[in-house]
Amino acid sequence: MKDRLGFRFVLCSAVFMILTQHRTLADFDSDSHGVNSESVEEEEEEWEMVQRKGTQFTLNGKPFYVNGFNTYWMMTLAADNSTRGKVTDVFQQASAVGLTVGRTWAFNDGQWRALQKSPSVYDEDVFKALDFVVSEARKYKMRLILSLVNNWNDYGGKAQYVKWGNASGLNLTSDDDFFTNPTLRDYYKSHVRTVLNRVNTFTNITYKNDPTIFAWELMNEPRCPSDPSGDKLQSWIQEMAVFVKSLDAKHLVEIGLEGFYGPSAPARTKFNPNPYAGQVGTDFIRNNQALGVDFASVHVYPDAWISPAVSDTFLEFTNSWMQAHVEDAEMYLGMPVLFTEFGVSAHDPGFNTTFRDMMLNTVYKMTLNSTRKGGAGAGSLVWQVFPQGAEFMDDGYAVYLTRAHTASKIITLQSKRLAIFNSLCGWRCKWGCKKRNHTDLDALLSHDEL
């Protein structure tokens with residue numbers, strides 16, 4: 001998310017000393033794999049790829065609904081031994097509250113601790129840091145959505161690609177040339193090829209063959225405001241989604257959209273948070289109809305899009321925004337929709353933790369409304385989970401699970417609910433197995449609030 005990344009180029013030695021300390025979430029679950037470990041039989045099942053069947057994700061022949069999180073900076077902190085432990089803390093704490101999917105960056109272009117120092121030139125130590133992130137995710141039975149480039153300037157983004165192009169002799173005048181210039185498209189393809197063909201130095205598994213990876217994300221929050229028609233971005237999405245699939249037909253692919261409606265669906269633009277959202281070159285329905293796209297992504301940031309001042313309007317918008325996209329995923333796209341970022345900032349006027357808890361409950365209830373029907377609302381990922389000792393990276397949205405006790409309980413309850421849905425049965429047993437869990441499910445669903 002723009003201006004939420006809290007990227008820091010200067011770290012003092014005192015902070016590094018603090019970061020060497022580790023915390024756990026033993027209070028939440030004595031099982032190191034969290035609330036989603038239901039039986040020895042399931043733990044022994046093969047670590048398989050998450051797949052898609054119609055409007056649902058599936059795993060081992062069963063539905064797979066997601067309660068997840070974002071922590072964008074894991075590769076960057078893993079690149080230094082003094083901060084690497086924070087990555088382990090993130091997975092340990094997320095697992096303890098039952099989260100099953102994390103989203104993070106597989107890019108850092110031309111900046112501090114850059115992964116890609118220049119086109120096709122990589123820092124091996126930083127790549128090993130990404131290897132560590134993936135291996136730790138697997139250790140804690142966590143799946144990862146890996147994003148491949150940023151729309152924003154943080155961690156380089158499309159602006160860095162344009163700088164590289166101009167340095168090579170091109171005459172580029174807009175950051176949006178990233179989407180149209182053949183040389184920049186080739187730069188991006190080269191990065192994709194390098195990441196997907198990377199052999200993890202910790203696990204010896206090639207990324208494109210690793211079930212730990214849930215999906216590839218083409219770009220974090222792509223926008224092309226120089227072309228409100230959406231044609232430029234649509235062309236880029238069509239080319240890149242097919243390109244990723246040509247290298248890796250096994251993994252799921254999503255675009256990384258915020259979910260704004262565009263010219264192809266004028267009747268749906270009423271759900272946009274503001275008029276400008278329809279002018280940034282994105283088009284939710286059209287974009288996700290591109291060949292190679294497996295599921296839709298949506299972000300939920302009423303404080304960034306409507307007003308910075310906290311109000312009940314945030315919750316009303318969240319309800320209508322999520323419902324509209326679930327309907328579109330079912331009626332027009334025929335694919336799952338994952339709400340890959342949502343949150344509210346502690347920097348917002350009127351913010352308090354009670355309101356953040358209300359936001360969590362609102363998003364989770366909307367997800368459950370779809371889950372109960374076996375619908376396209378496939379889950380959500382909170383922005384963002386932080387361990388203690390990483391406060392210097394906090395963008396205002398951090399949820400510290402070790403001290404945000406009510407939020408942690410809400411997250412845990414959602415994880416338990418989805419774990420029961422995921423374990424009820426699957427197509428292989430024609431919805432008839434594990435009926436013993438129905439009593440547990442009814443009991444959990446009867447508790448709407450914490």
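Biologist: Leaving aside neighbours within four places in sequence, which residues is E217 in contact with?

Modeller: This is a predicted model, in which local features need pLDDT of at least 70, side-chain atom pairs count only at pLDDT 80 or more, and totals for chains, interfaces and linings use all residues. Residues are numbered from 1 along each chain as its sequence is written, and side-chain values use heavy atoms, with hydrogens and water left out. Contact means heavy atoms within 4.5 Å. On that basis, the partners of E217 are R103, I145, L146, S147, L148, E254, I255 and G256.

Biologist: Is E217 buried or exposed?

Modeller: E217 belongs to strand β9 (residues 213-217), strands being DSSP runs of E of at least two residues and helices runs of H or I of at least four, numbered from the N terminus. Buried means under 20% relative accessible area, exposed over 50% and partly exposed in between, with a 1.4 Å probe and protein chains only. Because its relative accessible area is 0%, E217 is buried.

Biologist: How far apart in space are I410 and V97, C-alpha to C-alpha?

Modeller: I410 is part of helix α14 (residues 405-424) and counts as buried at 3% relative accessibility. In sequence, I410 and V97 are 313 residues apart. Their C-alpha separation in space is 9.3 Å.
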